[in-house]
Structures are given as C-alpha cells and as structure tokens.
Amino acid sequence: MFLDHLSPREKEGFLELALLAIRADNQISDEEVQLVEELRLELGMDEAAFVAAVKRQPNFERAIAAFSSKEAKRRAFLELVTLTF
C-alpha cells in the first residue's frame with residue numbers, strides 16, 4: 001500500500017522490521033512464508049538482494065535508523081500493522 005513511497009534504504013529497514021515481527025514467535029508458518037514473498041514483490045526487490053536480507057540477522061535499531069522522516073516511519077508502521085493481522 002505505502003511501500004512504493006519508501007526509499008530503497010527505507011524498504012530494507014521495513015523488511016528488517018517485518019522479519020522481526022514474523023520471527024517473534026520463533027516459528028515461521030507457510031502463511032508467513034507466502035507473506036514474505038508478497039513483501040518481496042511489493043518492495044520491488046530482486047530475489048538475490050531479498051535472500052541476502054532475509055539471511056542477515058534483523059536488527060531493530062538498524063531498521064529504525066533507515067527511515068529518513070516521520071512520514072516514512074508512519075507508512076512503515078501502517079504496513080506493519082496490516083502485516084500482523
């Protein structure tokens with residue numbers, strides 16, 4: 001919905017936040033795998049860059065630091081809320 005308004009760095013930060021949310025229960029369901037693939041497509045990331053990002057240990061502070069404005073943070077927050085429902 002709002003991901004196309006984020007910069008490439010902000011998209012990487014968003015992906016880190018999404019991965020933190022998905023991994024929070026230490027289980028990854030088939031539904032979550034599908035959701036991650038949909039995120040990749042929406043973020044417009046090529047598969048190699050996406051796989052590298054998924055393999056990296058997500059870090060909350062690094063993810064938050066990727067956002068350059070309050071508006072970008074709001075967009076990411078709205079997307080994350082949607083993701084978790």
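Mentor: A residue is called buried under 20% relative accessible area, exposed over 50% and partly exposed in between, with a 1.4 Å probe and protein chains only as cover. This is a predicted model, in which local features need pLDDT of at least 70 and side-chain atom pairs count only at pLDDT 80 or more, while totals for chains, interfaces and linings use all residues. Residues are numbered from 1 along each chain as its sequence is written, and side-chain values use heavy atoms, with hydrogens and water left out.

Trainee: Why is N26 called exposed?

Mentor: The relative accessible area of N26 is 74%, and the class of exposed residues begins over 50%, so N26 belongs to it. N26 sits in the loop between helix 1 and helix 2, where helices are DSSP runs of H or I with at least four residues, strands are runs of E with at least two, and both are numbered from the N terminus.

Trainee: What makes the phi of N26 worth a remark?

Mentor: Phi of N26 is near 60°, which is a positive value in a residue other than glycine.

Trainee: Why are helix 1 and helix 2 called roughly antiparallel?

Mentor: Two packed helices are described by the angle between their axes and the distance between those axes. For helix 1 (residues 8-22) and helix 2 (residues 30-43) the angle is about 175° and the axes are 11 Å apart; axes are lines fitted to C-alpha atoms, for helices over the stretch in contact, and angles run from 0 to 180 degrees between N-to-C directions. Angles under 35 degrees count as roughly parallel, over 145 as roughly antiparallel, 65 to 115 as roughly perpendicular and the rest as oblique, and this pair is therefore roughly antiparallel. K11, F14, L15, A18 and I22 of helix 1 meet E32, V36, L39 and L43 of helix 2, contact meaning heavy atoms within 4.5 Å.

Trainee: How do you know whether R40 is buried or exposed?

Mentor: R40, found in helix 2, has a relative accessible area of 13%, and because that value is under the 20% limit, R40 counts as buried. When its neighbours within four places in sequence are left aside, R40 is in contact with M45, D46, E47 and F50.

Trainee: What makes R56 and E16 a salt bridge?

Mentor: The term requires a side-chain nitrogen of Lys or Arg within 4 Å of a carboxyl oxygen of Asp or Glu, and in this pair the closest N and O atoms are 4.0 Å apart. R56 lies in the loop between helix 3 (47-55) and helix 4 (60-65) while E16 lies in helix 1, so the pair ties together parts that are 40 residues apart in sequence. E16 is buried at 5% relative accessible area, whereas R56 is partly exposed at 35%.

Trainee: How many salt bridges does a search of the whole structure find?

Mentor: The search finds five. In one of them, R74 and E71 have their closest N and O atoms 3.4 Å apart, and both residues lie in helix 5, three residues apart, about one turn of the helix. E71 also pairs with R75 at 3.8 Å between the closest N and O atoms, and these two are four residues apart in helix 5, again about one turn. Elsewhere, salt bridges that share partners join E16, R56 and R62 into one network.

Trainee: Why does E71 count as partly exposed?

Mentor: E71 has 38% relative accessibility, which falls between the two limits, and so E71 is partly exposed. R75 receives the label partly exposed at 22%, as does R74 at 47%.

Trainee: What makes F77, L78, V81 and F85 a patch?

Mentor: Patches are made of residues with over 30% relative accessible area and no salt bridge, where like charges are joined within 9 Å and nonpolar side chains (Val, Leu, Ile, Met, Phe, Trp, Tyr) within 5 Å. F77, L78, V81 and F85 form a nonpolar patch on the surface, with about 470 Å² of accessible area together, an area that comes from the Shrake-Rupley method with a 1.4 Å probe, only the protein chains shown counting as cover for residues.
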